[in-house]
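Here is a short walk through one protein model. Keep the picture open as you read.

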Amino acid sequence: MPEHTLEFGKYGARGVRGSEAVFRRLDDLAGFIVSPVDSRRGLLARLHYLTRTDHARAAARAAGLTVTDRTLKAWLDGRQRPTARNLQRIEDAYRTVRRHNVAQHLLRRLNSRGGTRVELHPLNQSQVPRPRQRVLEYRSLNIRRWDRIVQAWSTGDTGALDDAWVDQIVDLGSQWGQYEYVTNVGFAA
């Protein structure tokens, strides 16, 4: 079995960790608000999402949005503008709460019908000198159990997500180390 890649990019290869690509794809599937948080529309949409119910308000506080109700009301009414730091806190809290809210739905969809087919696009070797290039092909595999991956994604634990992802790509056999870094990971739910 190959070991983890220790010096990725040493000879010019480009790509991202497979777990990072999965994180991004799950974020895409979660359907975040598209308008940026620093626009009036984006700010109001996020604040409404985080303050609509008592449960949402409690989740936002747990996710790090700890401002007074008076300040929230001023933001919603447009009488006050959040600072850059508070805008970042709003965005982080929104993403955390949204991931938590859609995790079970995504998990059901990904695990349904025996799992989900995942496409692995190999890393980019265009900058690697010819003698050091490897033959890498497009691969696909069926992931049957998404529980650990979705749990790590919903909590934002990148280390656990990386471990869960590597446990899945080991199914590729002796070539799994070639797909630890990729240009893209594709799947639908």
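Q: Let's start with the pocket. Which residues lie nearest the centre of the largest pocket?
A: This is a predicted model. To read a pocket, look at the residues around it. Here, 20 residues line the largest pocket. Thr5, Phe8, Ala13, Leu123 and Arg134 lie nearest its centre.

Q: What volume does the largest pocket have?
A: Its volume is about 410 Å³.

Q: How do the residues of the lining divide?
A: Sort them by side-chain class. Seven are nonpolar, eight are polar and five are charged.

Q: Now the helix. How far does α5 reach from its first C-alpha to its last?
A: Compare the span with the expected one. The expected span counts 1.5 Å a residue. Helix α5 covers residues 84-111, with 28 residues. It reaches 39 Å, close to the 40 Å expected.

Q: What follows α5?
A: Check the backbone angles past the end of the helix. Arginine 113 follows α5, and its phi is positive, near 55°.

Q: On to the sheet. In what order do the four strands lie?
A: Read across the sheet, strand by strand. The order is β1-β4-β2-β3, in an open sheet with antiparallel pairing.

Q: Why is one side of β1 and of β3 left without a neighbour in the sheet?
A: β1 (16-17) and β3 (139-143) stand at the edges, so each has a single partner strand.

Q: How many bridges join β2 to β4?
A: Four bridges join β2 (residues 116-122) to β4 (residues 181-186), and the two run antiparallel.

Key:
Residues are numbered from 1 along each chain as its sequence is written. This is a predicted model: local features need pLDDT of at least 70, side-chain atom pairs count only at pLDDT 80 or more; totals for chains, interfaces and linings use all residues. Side-chain values use heavy atoms; hydrogens and water are left out. The expected span of a helix is 1.5 Å times one less than its number of residues. On a 1 Å grid over the protein atoms alone, a cavity is a set of points where a 1.4 Å probe fits but cannot get out, and a pocket is an open set with protein on both sides within 12 Å along at least five of seven lines; lining residues have an atom within 4 Å of a point. Grid points are joined across faces, edges and corners, and a volume is the space filled by probe spheres set on the points. Ala, Val, Leu, Ile, Met, Phe, Trp, Tyr, Cys and Pro count as nonpolar, Asp, Glu, Lys and Arg as charged, and the others, Gly among them, as polar. Two strands pair if DSSP finds at least two bridges between them.
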